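Work through the exercises below with the model open beside you. Try each task before reading its solution.

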Amino acid sequence: MSDAGVIHDIGYQRYEGPRLGRPAVFGAIYQHGLRAAFGLGRSAKAKIFPWLVAGIVLLTAVINGAVKAQTNGQIVLFDYFSFDDTMSWLVIFFVAIVAPELVSRDMRSGVLPLYFSRPLRAFDYIGAKFVALATAVFLLLGVPQFIMFLFGAFTTDDGAKGVWNEFLDLAPGWGYTLIWAVLFASISLLIASFTGKRAFAAGGIVAFFLMTAPVVGVLSILPSTTANHLAGLASPMSLLVGVQSWLRGRNDLDLNIGDFGVVYGIEAFCLVAAALLLLLARYRKVASL
Amino acid sequence: MTIIATQSLTKTYGGGVTALSELTVGVEAGVIGLVGANGAGKSTFIKIMLGLTAPTSGDVRVFGLDPVTETDQVRARVGYMPENDCLPPDVSAAEFVTHLGRLSGLPKTAARERASEALRHVGLYEERYRQIGGYSTGMKQRVKLAQALVHDPDLLLLDEPTNGLDPAGRDAMLTLVHRIGNEFGISVVVCSHLLGEVERICDSLIAIEGGRLLRADRISAMTAASDVLAVEVSEGTEELFDKLDGLGLQVSREGRLLLVPLTSEEAYDSILRAVAELDLPLHRIDQRRHRVAELFTSKETADV
């Protein structure tokens with residue numbers, strides 16, 4: 001019986017191959033999450049928004065780089081730092097769409113019992129999702145920064161030294177982007193983990209980031225210098241600008257933080273730590289069903 | 001081989017709700033029915049076996065492993081199919097099952113191969129590349145079963161696998177479960193509140209009610225002793241009753257029928273002789289095989 005076209009039922013085969021441990025499972029969730037962040041492996045509809053945002057950010061970087069190259073560095077629209085600050089709205093919209101995609105979706109479809117009946121823990125799940133979202137935000141800003149670097153590097157007049165100088169500008173910019181990625185990823189995941197409804201989660205994230213901005217505005221016009229210096233603490237975006245001031249000694253927005261730089265640093269750290277711990281606590285509960 | 005063993009397993013939730021109380025049971029490999037009404041503690045039992053929640057007191061062993069401390073080893077050998085809807089609508093079955101295979105620790109290529117194998121075994125072929133959102137309930141149940149099979153477990157825990165299926169779908173699902181248990185060499189625990197359907201495919205049965213063990217035994221042991229002869233005569237039912245009673249048989253009446261437990265080979269002959277001696281018009285005499293359900297009817301009002 002070896003006719004072509006006859007499908008033989010070979011019966012059930014036992015699996016004898018290797019079974020990988022939790023690090024591999026972490027990697028699988030991370031990879032899956034990072035792909036999902038950009039809609040890869042999903043329908044065309046899921047790709048529209050992330051790529052629209054990524055497209056705008058890229059375009060901005062290209063224009064910025066081109067203008068700088070054309071004018072021999074005379075006109076610089078943004079440097080690597082102010083690029084992140086300027087793109088903040090787009091980053092907010094990006095995490096508002098992607099964070100619910102990563103966590104609310106699993107909650108909505110009830111898939112979590114299937115995850116947590118396998119050899120993985122709440123830490124693996126939420127850790128991998130967090131790293132995936134942080135990576136996605138970093139790529140969103142870091143790749144355009146790299147393009148700006150390429151423009152700068154190819155138009156430098158100082159040869160290798162010029163390229164190296166340009167790189168020395170890029171590296172701290174990437175560091176700043178990393179802080180952005182970590183802060184935005186942790187907060188938006190926490191907000192998204194409270195609801196299975198993607199629209200609510202997205203609304204909640206946008207609301208959180210935008211509603212805090214006016215508070216900064218109010219505090220910064222109070223007739224108290226201390227209040228003015230601490231005003232930036234009230235909103236994640238100005239908090240990051242404050243951290244930039246603290247680490248770099250200056251910022252391109254008019255945020256004066258006085259001598260309170262270290263307070264900004266501590267708050268940023270605590271905010272990320274608190275968001276991650278709350279997330280873990282939340283998923284410990286979810287994982288035990 | 002004993003695959004699941006519990007010793008005075010008790011689980012109380014906060015607020016004083018007792019889900020399981022003093023459950024002691026040893027389960028042999030094979031297809032096992034776990035029956036009980038809704039809220040009897042079936043799902044809690046499954047969650048404890050998966051290490052999702054710890055028992056309040058008592059002890060549980062799955063393959064000799066403690067799910068509380070050796071969670072990963074237990075979960076690697078167990079596949080779980082939950083009762084509720086648990087499938088994302090916007091991915092294909094192939095992709096979804098592959099992903100869950102990787103979460104069980106299979107390398108990427110192995111996960112992909114095993115996923116299409118598992119989907120083939122549950123009867124999904126070309127459909128597996130379509131998005132799950134467009135599937136029928138029967139197909140979704142099959143995907144849920146496939147994801148439980150993908151990492152080649154030694155034990156499957158199926159929570160109400162026939163939920164929401166039409167009669168044909170139920171039959172197909174039960175046949176599939178029976179095949180998994182008998183041809184694939186994988187033990188299966190089938191949870192159900194429908195006794196009638198699990199008794200068809202199970203080797204043994206655990207009945208729980210209100211968190212307590214009602215009965216646990218092999219199906220054959222439950223039904224063997226319960227064969228009954230039903231005798232119906234057109235007239236003289238009373239006389240025959242007295243006559244058989246006089247012969248020492250434990251006769252009982254059920255409407256116009258006389259029920260005689262078939263305890264020995266001679267019972268059949270002595271009934272026939274009694275009917276002949278009384279010269280009664282025998283209407284029918286047939287052997288009834290008790291359904292397992294009847295063993296519980298006094299205690300449980302299962303909707304069989």
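**Exercise 1: a sheet in chain B**

Strand 1 (residues 2-13) of chain B and strand 4 of chain B run antiparallel and are joined by 5 bridges. Helices (H or I, at least four residues) and strands (E, at least two) are DSSP runs, numbered from the N terminus. The model is predicted: local features need pLDDT of at least 70, side-chain atom pairs count only at pLDDT 80 or more, and totals for chains, interfaces and linings use all residues. Residues are numbered from 1 along each chain as its sequence is written, while chains are lettered from A and ligands numbered from 1 in the order in which they are written.

Task: find the strand order and the edges of the open sheet in chain B.

Solution. 
1. Take one bridge. Thr6(B) has Val60(B) in strand 4 of chain B as its bridge partner.
2. Apply the pairing rule. Two strands pair if DSSP finds at least two bridges between them.
3. Read the order. The 3 strands of this open sheet in chain B run 2-1-4, with antiparallel pairing.
4. Locate the edges. Strand 2 (17-28) and strand 4 (57-62) of chain B each have a single partner strand, so one side of each lacks a neighbour in the sheet.
5. Axes are lines fitted to C-alpha atoms, for helices over the stretch in contact, and angles run from 0 to 180 degrees between N-to-C directions.
6. Place the helix. Helix 1 (residues 42-49) of chain B lies across strand 1, strand 2 and strand 4 of chain B, at about 115 degrees to strand 1 of chain B.

**Exercise 2: Leu233(A)**

Task: is Leu233(A) buried or exposed?

Solution. 
1. Locate the residue. Leu233(A) sits in the loop between helix 9 (225-230) and helix 10 (236-248) of chain A.
2. Set the cut-offs. Buried means 20 or more other C-beta atoms within 10 Å, exposed 12 or fewer, partly exposed in between, with C-beta atoms placed from the backbone.
3. Decide. Leu233(A) is buried because 22 other C-beta atoms lie within 10 Å.
4. List contacts (C-beta atoms, placed from the backbone, within 7 Å). Not counting residues up to four places away in sequence, Leu233(A) touches Leu239(A), Gly242(A), Val263(A), Tyr264(A) and Glu267(A).

**Exercise 3: confidence**

Solution. 
1. pLDDT is the predictor's confidence in each residue, from 0 to 100.
2. Start with the chain. Chain B has a mean pLDDT of 86.

Definitions and conventions: Contact = placed C-beta atoms within 7 Å.
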